[in-house]
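I have a new structure open today, and these are my notes from looking around it. Come along and check each entry against the view.

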Amino acid sequence: MSKQDSSRSDRRQFLRSSAAVAVASGSMIGSTALAAGFHHSVDDKLRVGLIGCGGRGTGAAIDACGADSNVALVAIADAFPDRVKTCARQLSRAFEEKFGTAAKEKLDLPEERQFVGLDSYRWVIDCGVDVVILAQPPYFRPASLKAAVEAGKHVFCEKPIAVDVPGVLSVIDTCQNAKDVNIVSGLCWRYDLGVRATMDKIKEGAIGPIVNIQANYLTGELWHRGNDPAWTPLEYQIRNWVYYNWLSGDIPAEQHIHTLDKALWLMDDVPPARCYSTGGRQKRTGEKWGNVYDHFATCFEWDNGVRCFSYCRQQKGCFNENEAHAWGYQGNAKILAHRIENSHGVWRYDGPKPSMYQVEHEHLFRAIRSGEKINNGDYMCKSTLMALMARNACYTGKMITWVEMLQDKTVLGPKSLDEHDYQPDPVPIPGE
Ligand SMILES: NC(=O)c1ccc[n+]([C@@H]2O[C@H](COP(=O)([O-])OP(=O)(O)OC[C@H]3O[C@@H](n4cnc5c(N)ncnc54)[C@H](O)[C@@H]3O)[C@@H](O)[C@H]2O)c1
């Protein structure tokens with residue numbers, strides 16, 4: 001066996017779905033996790049576990065611990081040990097900066113509660129946490145959300161919630177059964193005070209009934225994490241997950257969903273009846289860029305005649321805009337600019353502008369303390385489905401209805417996470 005083969009074989013071992021290991025000892029986690037578990041009801045501390053140690057997860061963990069005076073981050077998990085280690089280091093620095101002397105109480109992360117593996121979410125859920133943050137790639141969300149809710153954990157759940165319709169249906173089911181826990185979605189603009197105030201004015205009739213919406217997410221390129229000969233094809237894809245539609249859902253789901261969710265919100269959370277779409281890949285054409293497109297233009301239609309024209313693009317050197325525009329019979333609005341114009345003149349939100357990322361966690365922890373229940377399941381599932389409908393309409397070149405979409409049984413990704421040589425589907429060609 002060559003050095004490269006033997007290194008890949010080692011990686012197959014650690015990536016095996018059942019082989020989560022503690023970073024420090026490399027030991028099987030089962031006993032470690034039990035030994036590290038907490039006993040409940042001895043204090044009113046809320047214990048948080050993070051699943052997915054990337055940029056968003058790290059940020060969300062800090063926000064969670066800033067949302068309540070008695071919250072601690074006590075466990076983290078990632079598919080890869082280097083990501084766990086980097087995250088633990090970054091958290092330690094960030095907590096000291098943000099919380100000063102309280103950092104020691106707020107960050108309680110011994111190495112036996114730093115978990116590694118594709119199924120490491122299980123160990124976080126089982127180690128006695130009260131709240132879990134789901135910030136791994138979207139493909140893994142439905143199973144981990146289900147496990148968290150079944151174990152009675154409150155959840156902060158990043159967007160999108162799935163990459164295919166069976167995944168969305170699983171999350172709908174999970175959310176409907178989540179009677180005793182809170183589920184707060186990472187569709188963060190729903191917690192932005194300026195956006196909320198603008199939406200409130202629109203709902204009060206400031207622009208009259210909506211005629212059209214334009215939902216833009218036109219932006220530059222994303223990161224790429226390179227390749228390492230020791231990585232298996234599966235590991236390479238998971239490391240570079242944004243470029244694989246089975247892991248990310250493609251741009252409409254992974255990024256544009258923020259703007260599509262605003263369109264849904266403008267329509268009182270009534271989903272569109274149908275859509276058609278055009279798009280493709282012009283700049284990210286090589287194998288390195290997986291099987292996602294780099295631009296989409298989609299027209300959503302509602303049964304009452306309203307249309308949403310939606311554009312997303314990830315290409316550098318081009319015009320950029322992240323905005324949801326709405327036109328009504330009596331005026332127009334730019335939602336992210338917090339601006340409404342009608343015959344009375346221009347209204348702009350001038351209230352406080354705290355970080356929406358902080359506000360969403362404040363809502364979550366306040367609800368946990370008060371016994372109130374927040375369940376953002378309805379809109380987080382609908383906006384994910386809206387995004388997947390646009391993606392599928394673009395990939396196939398067909399008009400797709402909401403009803404047809406709900407019947408789509410396609411499951412993306414490998415049959416098992418043990419398929420280390422898994423090859424992704426080819427880039428879809430519309431009409432074929
Ligand atoms: N709400 C927002 O504004 C916002 C912003 C950025 C990202 N996000 C979302 O947050 C999620 C994470 O994005 P990111 O930017 O942090 O990406 P990232 O790549 O920086 O982080 C994802 C992490 O998950 C890890 N991971 C992969 N498979 C895993 C598994 N099975 N179990 C545990 N960990 C696993 C990866 O190794 C990586 O460290 C995505 O769903 C993304 O769409 C939301």
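**Entry 1**

I began with strand S12 (residues 321-328), which runs antiparallel to S13 and is joined to it by four bridges. My helices (H or I, at least four residues) and strands (E, at least two) are DSSP runs, numbered from the N terminus. I call two strands paired if DSSP finds at least two bridges between them. Before going further I noted that this is a predicted model, where local features need pLDDT of at least 70 and side-chain atom pairs count only at pLDDT 80 or more, while totals for chains, interfaces and linings use all residues. Residues are numbered from 1 along each chain as its sequence is written.

S12 and S13 make a hairpin with two residues between them. I looked up the bridge partner of alanine 326 in S13 and found alanine 333. Alanine 333 also stands opposite isoleucine 340 in S14. S13 and strand S14 (residues 339-342) pair in the antiparallel sense, again over four bridges.

**Entry 1: the whole sheet**

I then traced the open sheet of nine strands, which has mixed pairing and the order S15-S14-S13-S12-S8-S11-S10-S9-S16. Its edge strands are strand S15 (345-348) and strand S16 (400-401), each pairing on one side only. Within the sheet, strand S8 (residues 210-219) and strand S11 (residues 307-314) pair in the parallel sense over eight bridges. Threonine 219 stands opposite glutamine 314 in S11.

**Entry 2: residues with positive phi**

Histidine 338 sits in the loop between S13 and S14, a hairpin with four residues between the strands. Its phi is near 55°, a positive value in a residue other than glycine. Is histidine 338 buried or exposed? It is buried, because 22 other C-beta atoms lie within 10 Å.

Aspartate 268 also has a phi near 55°, and I found aspartate 268 in the loop between helix H13 (257-266) and strand S9 (274-280). With 8 other C-beta atoms within 10 Å, aspartate 268 is exposed.

Helix H3 (residues 55-66) has 12 residues, so at 1.5 Å a residue it should span 16 Å, and its end C-alpha atoms are 17 Å apart, which agrees. The expected span is 1.5 Å times one less than the number of residues. Among the buried residues of H3 I noted Gly57, Ala60, Ala61 and Ala64.

How many residues surround the ligand? I read off 26, and the closest are Gly52, Gly54, Arg56, Ala79 and Gln136.

**Entry 3: asparagine 70**

Asparagine 70 lies in the loop between H3 and S3. It counts as partly exposed because it has 14 C-beta neighbours inside 10 Å. Leaving aside neighbours within four places in sequence, asparagine 70 is in contact with Asp44, Lys45 and Leu46. Contact means that the two C-beta atoms, placed from the backbone, lie within 7 Å.

In helix H7 (residues 141-150) the buried residues are Arg141, Pro142, Ser144, Leu145, Ala148 and Val149. After H7 comes glycine 152, with a positive phi near 80°. I also found a cis peptide bond between lysine 159 and proline 160, with omega about -20°. Proline 160 lies in the loop between S6 and H8.

**Entry 4: confidence**

Last, I looked up pLDDT, the predictor's confidence in each residue, from 0 to 100. The protein chain averages 92, and 90% of the residues score at least 70. Over residues 16-21 the pLDDT is below 50, and this stretch has 23 contacts in the model beyond near neighbours in sequence.

Definitions and conventions:
A residue is buried if 20 or more other C-beta atoms lie within 10 Å of its own, exposed if 12 or fewer, and partly exposed in between; C-beta atoms are placed from the backbone. A residue is near a molecule or strand if its C-beta atom, placed from the backbone, lies within 6 Å of it.
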